[in-house]
Amino acid sequence: MPLEPIGQATIKIDEHELACPIFRGSEGERAIDISKLRKETGTITYDPGFMNTGSCSSAITFIDGEKGILRYRGYDVADLAENCEFIEVAYLLTRGSLPTAEQKSRYSGLLNQHSMIHEDMREFFSHYPEHSHPMAILSAMVVSLSSFYPELGQNRHEDLDMTVTRLISKLRTIAAFSYKKSIGEPAVYPRHDFKYCENFLNMMFSSPVRKEPFTPVMVEATNKLLILHADHEQNCSASVVRAVGSSGANLYASISAGICALWGPLHGGANEHVIRMLVDIHARGTKVKEVIARAKDPRHPFRLMGFGHRVYKSYDPRARIAKELCQKVIAANNTHDPLLDIAQELEAEALADPYFQDRNLYPNVDFYTGLTYREMGIPTNMFTVMFAIGRLPGWIAQWLELKNDTETRIARPRQVYTGPNVRTVDPIENRED
Ligand code: CMC
């Protein structure tokens, strides 16, 4: 959206002087518009990892990383997690406002109506090798939807609306089917008498010999966890979705790319790696102090998984909610998970350590979500898939906003070239190794 300038900064490079407008967002964050910098001065900005670069304006999600605030369209994430179901938040993100009771019921019906996948697509699952990672399957299946539902190409409003609903509905079906494939059980079809999260849990856990194997606490936890994941402004995967969308690629292709970006261990894949780290500590009986020492050692590549964040320089508000939820699910199951004890010890030790204090490293969303999924019986390699199901409405909202933004241009950063200067090709017999 075009922004109104509130002031001006001057950039001086050699003999060039450039007046750059300064903008302010609705929560007070300031940005300097350098869009004419190269044209006017012949110089570009250098900002690896885009740590200081605003790539767009957005009205979807607000984060204050210093204060630990996260809001979707103005609502605090804790408020939404406490008072809404996931589909209400999906509606909020993709359509702009929370649904009324009637809108929610109609939306729920639509999600049910679109929950099956084409039978030919179901065949795909059987051709993946055993132990395929479900994130690989998920990404491939999502981009395949564009072949099965080509209405998308017509780009009419109602088609887009249908595509969005279809995608939100089908992603959990694809996710559950990929899990069933990985354990060699028959796929369980979605049911119209279940709501979104119940349906997912049913497709995951019921079988020809086991019916409705989920509890109200599991349904509540699924709703809350998906809400915690629902959006996080211009993170790695959302930026990927926007970058792919900016080339004109369709929604399915853009989301499929986002799923791949999320998979990485520094992003959504961290939830899986947190559990692998905790399992390893438990199995080896490693002392928590040793783990912390390893994480602090600059010569060692190990990092404390589930700790640190590009934006949060205080406690991640999602981690706080996830921790309480994890304790609640464990209490409801009347079980004890030694990995939770280790996680809490690690947290206490890290938060008291000057290395973590000086760098503002706190638990992030992934530190406790994996433990909760584990307690619910969701296998470790499905954790990032859960994250993807939750993040989908956020990705879609970012993509739709991009499409409606008159300032959108194809994403195409510059670089500072450091390779060889011009040279000519030697005949092959003269080249040296
Ligand atoms: N353990 C040990 N040291 C760390 C950690 C950690 N988890 N995270 C950051 N640091 C150190 C880092 O070594 C650096 O130290 P120094 O200044 O001495 O070089 C300093 O803290 C700043 O770290 P950075 O890597 O420059 O920060 P970043 O903003 O580029 O990276 C991060 C953010 C999330 C990738 C990083 O904190 C990390 O690798 N964390 C572990 C992986 C993880 O939990 N990822 C999930 C992120 S939240 C969910 C999501 O994004 O989807």
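**Note on the sheet, cavity and ligand site**

1. Strand E5 (residues 69-72) pairs with E6 in the antiparallel sense over two bridges. Strands here are DSSP runs (E, at least two residues; helices are H or I, at least four), numbered from the N terminus. Pairing needs at least two DSSP bridges between two strands. Arg 71 has Asp 76 in E6 as its bridge partner.

2. This is a predicted model: local features need pLDDT of at least 70, side-chain atom pairs pLDDT 80 or more, while totals for chains, interfaces and linings use all residues. Residues are numbered from 1 along each chain as its sequence is written, and side-chain values use heavy atoms, without hydrogens and water.

3. The open sheet has three strands in the order E4-E5-E6, with antiparallel pairing. Its edge strands are E4 (61-64) and E6 (75-76), each pairing on one side only.

4. One cavity of 30 Å³ or more turns up in the whole structure. A cavity is a set of points on a 1 Å grid over the protein atoms alone where a 1.4 Å probe fits but cannot get out; lining residues have an atom within 4 Å of a point. Helix H7 (residues 157-183) gives the largest share of the lining of the largest cavity, three residues. Pro 129, His 131 and Lys 181 are among the lining residues.

5. A polar side-chain atom of His 267 lies 2.7 Å from a ligand oxygen atom. For Arg 359, a polar side-chain atom lies 3.0 Å from an oxygen atom of the ligand. The protein covers 74% of the 930 Å² of accessible area that the ligand has on its own (Shrake-Rupley method, 1.4 Å probe).

Notes. 1 Å grid on protein atoms, 1.4 Å probe; cavity = no way out; pocket = protein on both sides within 12 Å on 5 of 7 lines; lining within 4 Å. Points joined across faces, edges and corners; volume = space filled by probe spheres on them. Polar contact = N/O pair within 3.5 Å; in protein donor to acceptor, adjacent residues only side chain to side chain.
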